[in-house]
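Look at the structure first, then read on.

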Amino acid sequence: MEQAEFLEKNVFTDLKNLNDGFDKKENLHFNEWDFAIVLDRAEYFGLSIYEIQAWLDGKLHDTAHHEPVRKKATDSAWYKKALMTFSTRQPGMTFTASYKVSPKLLARQTKGE
C-alpha cells in the first residue's frame, strides 16, 4: 500500500477536501473541525506530521513546524497545539499538512487486505 492510499483510506475518509484549485491538487485542505479529526486519526496511527499550513481565502497565511517546538513529528502535542493557536488567532482558515506513514505500518496494512 502506498502512503497516499493509506491516508485516503484511513485518515481522510468521510471528510470534505476544501481545496478547489487554490493549492496543489495533492494537498487536501480541511476546515478546523475536519482537520481536528485528521489529527486525531494521525495520532491513533502514530503518523508523523512535519508541517501544518494554515490558509485563508486561498492564500497561505501561516505555517507551523515540529522542529522549533522541539517535538518529534509523531508527538501529537505539537500539532494539536498548532491547530488551536491558528484557530484562535484567525477563524475561517483551512489546513493542510505534510504527513509520513511509517513503512512498517504500510506493510501491516498491505498484509491485512
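At what angle do helix α2 and α3 pack, and how far apart are their axes? Helix α2 (residues 32–45) and α3 pack at about 175°, and their axes lie 10 Å apart. Axes are lines fitted to C-alpha atoms, for helices over the stretch in contact, and angles run from 0 to 180 degrees between N-to-C directions. Over 145 degrees counts as roughly antiparallel. So α2 and α3 are roughly antiparallel to each other. Helices here are DSSP runs (H or I, at least four residues), strands likewise (E, at least two), numbered from the N terminus.

This is a predicted model: local features need pLDDT of at least 70, side-chain atom pairs count only at pLDDT 80 or more, and totals for chains, interfaces and linings use all residues. Residues are numbered from 1 along each chain as its sequence is written, and side-chain values use heavy atoms, with hydrogens and water left out.

Contact means heavy atoms within 4.5 Å. From α2, E32, F35, A36, L39, D40, A42 and E43 take part. They meet S76, Y79, K80, L83 and S87 of α3. By class, this contact has six nonpolar, two polar and four charged residues. Ala, Val, Leu, Ile, Met, Phe, Trp, Tyr, Cys and Pro count as nonpolar, Asp, Glu, Lys and Arg as charged, and the others, Gly among them, as polar.

K80 also forms a salt bridge with D40 (a side-chain nitrogen of Lys or Arg within 4 Å of a carboxyl oxygen of Asp or Glu). Their closest N and O atoms are 2.8 Å apart. The two residues are 40 apart in the chain, K80 in α3 and D40 in α2.

Now the pockets. A pocket is an open set of points on a 1 Å grid over the protein atoms alone, where a 1.4 Å probe fits, with protein on both sides within 12 Å along at least five of seven lines; lining residues have an atom within 4 Å of a point. A volume is the space filled by probe spheres set on the points.

| Pocket | Volume | Lining |
|---|---|---|
| Largest | about 320 Å³ | 16 residues |

E26, N27, L28, A97 and Y99 lie nearest the centre of the largest pocket.

Note on methods
Parallel < 35°, antiparallel > 145°, perpendicular 65-115°, else oblique.
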